Amino acid sequence: MSAGSDQPTWVSKIRERIVKRVSKPIVAGLGAAAVTMALAGQVWSKPWGEQGRDPQRMLERISAKLELTELQRTEVGTLLEGAYAEGREDRTELRILRQQLREQRGAFDPASAEQIAGEIGTIVGRTAYRRASTDAEMYALLDTEQQAKLDQWLERRDSKRKGWRG
């Protein structure tokens with residue numbers, strides 16, 4: 001028995017080992033959770049709809065997946081930055097218009113709602129055109145091997161998304 005306690009020495013040693021073994025994973029888990037929350041805060045701090053639209057991040061992914069040359073990387077980066085800048089005003093306007101529609105829940109005005117919905121449709125159409133145009137310009141910058149890789153990448157992505165959309 002250890003001095004000043006009612007427990008045998010071996011029990012206190014086992015207790016110490018258990019505390020050491022359990023506390024390390026807990027501390028590591030808490031550290032990982034803190035890092036995850038910090039990174040998530042960076043994403044959540046962006047306005048809704050812009051979390052995944054960072055042109056620099058997109059360029060990094062595209063460059064890695066398609067093994068772009070430096071010249072291609074520069075040209076694709078310019079395309080992505082330009083499209084992002086052009087769409088910034090549209091994204092802001094969409095947020096405002098959607099908020100205006102939500103505010104009509106208590107006092108619905110059919111004429112106003114129809115006008116707002118029409119403006120949303122115009123912006124969504126412009127956004128779809130901008131994306132298709134940017135995609136076509138980027139595709140033209142790629143060689144045939146890179147185009148084939150991109151086609152496969154997009155096919156895989158689209159097949160994964162089918163499960164989400166039904």
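Which side chain meets that of Lys149 in a salt bridge? The close-up views below, drawn from a predicted model, begin with that pair.

**View 1. A salt bridge between Lys149 and Glu67.** The partner of Lys149 is Glu67, and their side chains come together in a salt bridge with an N to O distance of 3.5 Å.

**View 2. A positive surface patch with residues from α2 and α5.** The patch is made up of Arg57, Arg61, Lys65, Arg156 and Lys160, and the elements that contribute two or more residues to it are α2 (55–66) and α5 (144–165). Helix α2 supplies the largest share of this positive patch, namely three residues; Lys65, one of the patch residues, is located in helix α2.

**View 3. The charged end of Arg91 over the ring of Tyr84.** In this close-up the charged end of Arg91 is placed over the Tyr84 ring, at 4.3 Å from the ring centre. As for contacts between aromatic rings themselves, a pair is described by the distance of the centres and the angle of the planes. With centres required to lie within 6.5 Å, the count of aromatic pairs is zero.

Definitions and conventions: Residues numbered from 1 in each chain as written. Predicted model: local features only at pLDDT ≥ 70, side-chain atom pairs only at ≥ 80, totals over all residues. Heavy atoms only, no water. Phe/Tyr/Trp six-rings, centres within 6.5 Å; stacked < 30°, edge-to-face > 60°. Lys NZ or Arg CZ within 6 Å of the ring centre and 35° of its normal. Patch = residues over 30% accessible without salt bridge, like charges linked within 9 Å, V, L, I, M, F, W, Y side chains within 5 Å. Areas by Shrake-Rupley, 256 points an atom, 1.4 Å probe, with all protein chains shown as cover. Salt bridge = Lys/Arg side-chain N within 4 Å of Asp/Glu carboxyl O. Lys, Arg positive; Asp, Glu negative; His and termini not counted. Charge placed at Lys NZ, Arg CZ, Asp CG, Glu CD. Helix = DSSP H or I, 4+ residues; strand = E, 2+ residues; numbered from the N terminus.
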